[in-house]
Amino acid sequence: MKRAFDKEHIIGVIGLLMLAYGCWKALFVVPAMNHFGEVGRIFFMHVPTAWNALLILTGSFILAIGALFNRKPSWDAALTGSVEVGVLYTALLVVQGSIWARPTFGIWWTWDPRLITAAILLIAFAGVLSARSFANNQGQRLRWTAVATIVAYIDVPIVYFIVKWLPRGIHQPHSFPSTVSTDYHLALRFNAIAMLLLGIWMTFRRARWILQQNAATAMSAAPGAALDAEGRTMVAGVEE
Amino acid sequence: MKQLASLLTLIPALMMAASPAVVMAESPADQREVCDDDVDNDGDGLVDCDDIENCSSFHTCGQIQGGWSWVIAVYGLSFAGFAGYALYITRGLNRARKEEADNDQAR
């Protein structure tokens, strides 16, 4: 049987093309930065990763609230997908920052407030996925994932504002379009939108996989049966 | 005794006047540039890394050598991360779909 085309691939392809263009601009077109030289090109990957990590985890927070209210498996799948993508972006962010720090500050890591809160963010959301794996059924998985996401999200605004609250750290303060050379705007924006689109694509794909797994579990548990909202096997609407 | 007391008070005053530290504090031009405080410490009109003469050897100033290897490391790692996760979910989804198709066929 021929499968229908998954529409999220359009988002993925646009994201990929935009990332290719943004990286080409960042690596070969924009001038090297004062003081940092070629190393400054790391910014065009690091900064969009940071924006999107916080943005995707904010999406997870919204999905978590929605999932708690409507208890639909599709919301649980989307929530899990977005948390996984958020963890991926945060992990990349921390590693990129570490590689950036080596040539510029001569260190791989320091106990800077922004670095510490970003590492806590990574551990907290990895913990959300870990908590999820211990749940016994789909209903419990949804509740645990949503509640843990809401709790872990407390760190997101802290990560964002910490450079304002404790400005004497090694990490630079917030940048704005007015404080960044106009030569760099296009590459930064292209990479940021590209990473957002790729993040959305990956979230959709992961959600599809989870829903497919749920359906397969229901089928193997009892042919012709389906899972209820709590993940229990139902046969002709009666819980087993 | 009085002469001795006035001598004792005079000695620290003379020592302070002769101290180079005091002279430096009074004259910004003789101060060293601190390269990461956003202040023109030595009064030459150049702040931090812009003061190339005094800050070129400071770790965040000057052109960092061997920059491309760090750039390639970051871009390569990021692409590997995206591609690795995309491959993981694509394989997982395809496997789950195949299982479903096999189940349908078995029925």
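Helices here are DSSP runs of H or I with at least four residues, numbered from the N terminus. The model is predicted.

**The nonpolar patch**

Two helices each supply at least two residues of a nonpolar surface patch: H1 (8-29) of chain A and H4 (67-106) of chain B. The patch covers about 710 Å². Its members are Tyr21(A), Trp24(A), Phe28(A), Val29(A), Leu186(A), Trp68(B) and Ile72(B). H1(A) gives the largest share, with four residues.

Where does Leu186(A) sit? Its place is in helix H7 of chain A, which covers residues 182-221. Leu186(A) has a relative accessible area of 38%.

**Helix H1 of chain A**

H1(A) has 22 residues.

Which residues of H1(A) are buried? They are Glu8(A), Gly12(A), Gly15(A), Met18(A), Leu19(A), Gly22(A), Cys23(A), Lys25(A), Ala26(A) and Leu27(A). An α-helix has 3.6 residues a turn, so residues three or four places apart point the same way. Gly15(A), Met18(A), Leu19(A) and Gly22(A) are among the buried residues of H1(A). Tyr21(A), Trp24(A) and Phe28(A) belong to the patch.

**The contact between the chains**

The size of an interface is often given as the accessible area lost when the parts come together. Between chain B and chain A, about 3700 Å² is buried. Carbon and sulfur atoms give 71% of that area. The contact takes 41 residues from chain A and 35 residues from chain B.

How many salt bridges are counted between chain B and chain A? The count is one. Arg97(B) pairs with Asp6(A), and the closest N and O atoms are 3.1 Å apart. That is a salt bridge because the cut-off is 4 Å.

**Chain A as a whole**

Chain A holds seven helices and three strands. From the N terminus on, the order is α-α-α-α-α-α-α-β-β-β. Among contacts in chain A with a separation of 6 or more, 74% join residues 24 or more positions apart.

| Property of chain A | Value |
|---|---|
| C-alpha box along the principal axes | roughly 70 × 40 × 25 Å |
| Buried share of the 240 residues | 47% |
| Accessible surface | about 11800 Å² |
| Carbon and sulfur share of the accessible surface | 69% |

Conventions: Residues are numbered from 1 along each chain as its sequence is written. Chains are lettered from A and ligands numbered from 1 in the order in which they are written. This is a predicted model: local features need pLDDT of at least 70, side-chain atom pairs count only at pLDDT 80 or more; totals for chains, interfaces and linings use all residues. Side-chain values use heavy atoms; hydrogens and water are left out. Patches are made of residues with over 30% relative accessible area and no salt bridge: like charges are joined within 9 Å, nonpolar side chains (Val, Leu, Ile, Met, Phe, Trp, Tyr) within 5 Å. Accessible areas come from the Shrake-Rupley method with a 1.4 Å probe; for residues, only the protein chains shown count as cover. A salt bridge is a side-chain nitrogen of Lys or Arg within 4 Å of a carboxyl oxygen of Asp or Glu. Buried means under 20% relative accessible area, exposed over 50%, partly exposed in between (1.4 Å probe, protein chains only). The expected span of a helix is 1.5 Å times one less than its number of residues. Contact means heavy atoms within 4.5 Å. Buried area is the accessible area (1.4 Å probe) that two parts lose on being put together, summed over both.
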